[in-house]
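Subject: Structure for your review

Dear colleague,

Please find the structure below, followed by notes on what was found in it.

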Amino acid sequence: MTAPGDAEFGFELVTCRWAERAWPPDRETDAVPVVARQLGTQRRRWDTVVVEADPDALAARAAFGADTLDSDLLHIVRNAPAEWAWYRDALPDPGYPWRYVRAAIHRAADRGVVEKRRDGNRIQIRQIAPYPDWVRRIVAIENKPDLDASAARALADQLDHDVSTALADEVWVATEATGAAVEPALLEDLPVEAGVLALEFDGDGVADDTVAWHPASLDPTTDTSLSAEEKAEKRLEIAERAYGSGWRSYVETMRPDCRWFELREVHDAFVPWCAAKETHPTAAECSGSCPEFQPEPPAWRTRGWPIEGGPGKGIKRLLARRRRDRR
Ligand code: SF4
C-alpha cells in the first residue's frame, strides 16, 4: 500500500507520525523525539526535523510553557539569575540596544517565563527555573516518496549543503519502500554521509522501516560556513520552534474553515482531504487563493457557536489537543 495521495505533503505527515512513534530506526536510545516539519534557516528548510530530547530535561522545559521561546526570550531565560538582580548586571551585553532587551523582559514576564519587579527606576529579574539543556541531537529528513534517479540528483546539492554545514547531527532521505532494494546507482548520487530510510505502509500505518544506508554523524561543534557558536544558537532556535509548533500545525496555514476540508486518518496520521478535488491537498493549494474555497455554512456552527466555532475550529482543537498530549 502506498502513502496517501501522490502529494509529498501526505508522505511528509505520515513520516512525521512514524518518527514520533518510532525514531530512531537504527539504534536504542531513551531520547524523546520532538518532531516538526518545514523548519530550518533562511537558506535551507528541512521537510521533517526530529529533535532528540533528554527525557528529564524535556519535562523541565514544560515549566516555560508550550509555546516557542524565540531568540530574544531565550537570551533572557538562559541568563536570568537565581536571585533578583538589575537586568543589565544579570544579562550579557546583547550586542544591540538595551531597550530591545527591556521589551523582551516585559514580554517574557507576561508569558510567565521570567519574574520581574521594580527597584526604584531599575527593572530587576529572576529566573522561574534554570532553562534546561534539553536538546541532545537534531536530525534533518528530506521526504522523497518516489526516489528515482532524477529526484536523487535534485536532492544531492541540498544534502551536500547540509553535510558541509553540519548544522544537524544527521541528515536522512526518507522514501517509500517499493519492494525492490534501493538502487545502488541512486545511492551514488547522494552524499555518502546522508542516510536513506525506506518506509513500507500497510492499512494501519508504517508497517516496516528499513535503513538502506546508514548516515554519518556530523559534528555541529566545528566551524563551517557557520561558526560553531552561530550553529549552537540556531540549533536551539530550531529546537524551540519544533517544540512550539510540532508537526500538526500545518492546519494553521490551511483552510479547515472551508466546507470541503476534512481530516482523514491515513496510516495512523491525520491527513487533510479536499472533498471538492477528491485529493490530499498540499498546504500551498489549500489556501486563501484556492478557487474552490467555500466557507463552511453557518448552520455547521450552531452548536456552541460562536464561542466553540464550527468544524474548522473543531479540527484545530483536535490537532492542538494531540500536540499537547504528545508533549
Ligand atoms: S476547496 Fe481548496 S480551500 Fe477548500 S479544502 Fe479543497 S483545497 Fe482546501
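Which residues is Val77 in contact with, once its neighbours within four places in sequence are left aside? They are Phe64, Leu69, Ala108, Val113, Val114, Gln127 and Tyr131. Please keep in mind that this is a predicted model.

Overall composition

The protein has 327 residues, and 37% of them are buried. Its secondary structure consists of 9 helices and 11 strands. Among contacts with a separation of 6 or more, 66% are between residues 24 or more positions apart.

Cores and ligand

Val77 belongs to the largest nonpolar core, which has 71 residues. Together with Val49, Val51, Ile76 and Ala242, Val77 is among the residues with the most contacts inside that core. The element that gives the most to this core is helix α1 (residues 8-22), with 7 residues.

The ligand is surrounded by 13 residues, and the closest are Cys258, Cys274, Cys286, Cys290 and Glu292. Sorted by class, this shell has 9 nonpolar and 4 charged residues, and no polar ones.

Of the 15 residues of α1, 12 are buried, so the helix is mostly covered. The length of α1 agrees with expectation: at 1.5 Å a residue its 15 residues should span 21 Å, and the end C-alpha atoms are 20 Å apart.

Trp23 and Pro24 are joined by a cis peptide bond, with omega about 0°. Pro24 lies in the loop between α1 and β1 (32-40).

A hairpin through 4 residues joins β1 to β2. The two strands pair in the antiparallel sense over 8 bridges, and Leu39 has Trp46 in β2 as its bridge partner. β2 is also joined to strand β6 (residues 135-143), by 6 bridges and again antiparallel. Here Thr48 stands opposite Ile141 in β6.

How enclosed is strand β2 (residues 45-53) by the rest of the structure? It is largely enclosed, because 8 of its 9 residues are buried.

Strands β3, β4 and β5

Elsewhere there is an open sheet of 3 strands, in the order β3-β5-β4, with antiparallel pairing. Its edge strands are β3 (85-86) and β4 (114-119), each of which pairs on one side only. β4 pairs with strand β5 (residues 122-127) in the antiparallel sense over 6 bridges. Among the residues involved, Asp119 has Arg122 in β5 as its bridge partner.

Ala63 and its surroundings

Ala63 sits in the loop between α2 (55-61) and α3 (71-79). What does Ala63 touch, not counting residues up to four places away in sequence? It touches Ile128 and Ala129. Pro130 is 67 residues from Ala63 in sequence, and the C-alpha atoms of the two are 9.7 Å apart in space. Ala63 has 14 C-beta neighbours inside 10 Å and therefore counts as partly exposed; the buried class would need 20 or more.

Backbone points to check

- Gln38 has phi near 60°. This residue is in strand β1, and with 17 C-beta neighbours inside 10 Å it counts as partly exposed.
- Glu278 has phi of about 50°. This residue is in the loop between β11 (269-274) and α9 (311-326). Why does Glu278 count as exposed? It has 9 C-beta neighbours inside 10 Å, and the exposed class takes residues with 12 or fewer.

Regards

Key: Residues are numbered from 1 along each chain as its sequence is written. This is a predicted model: local features need pLDDT of at least 70, side-chain atom pairs count only at pLDDT 80 or more; totals for chains, interfaces and linings use all residues. A nonpolar core is a set of buried Ala, Val, Leu, Ile, Met, Phe, Trp, Tyr and Cys residues joined through C-beta atoms within 7 Å. Two residues are in contact if their C-beta atoms, placed from the backbone, lie within 7 Å. A residue is near a molecule or strand if its C-beta atom, placed from the backbone, lies within 6 Å of it. Ala, Val, Leu, Ile, Met, Phe, Trp, Tyr, Cys and Pro count as nonpolar, Asp, Glu, Lys and Arg as charged, and the others, Gly among them, as polar. The expected span of a helix is 1.5 Å times one less than its number of residues. Two strands pair if DSSP finds at least two bridges between them.
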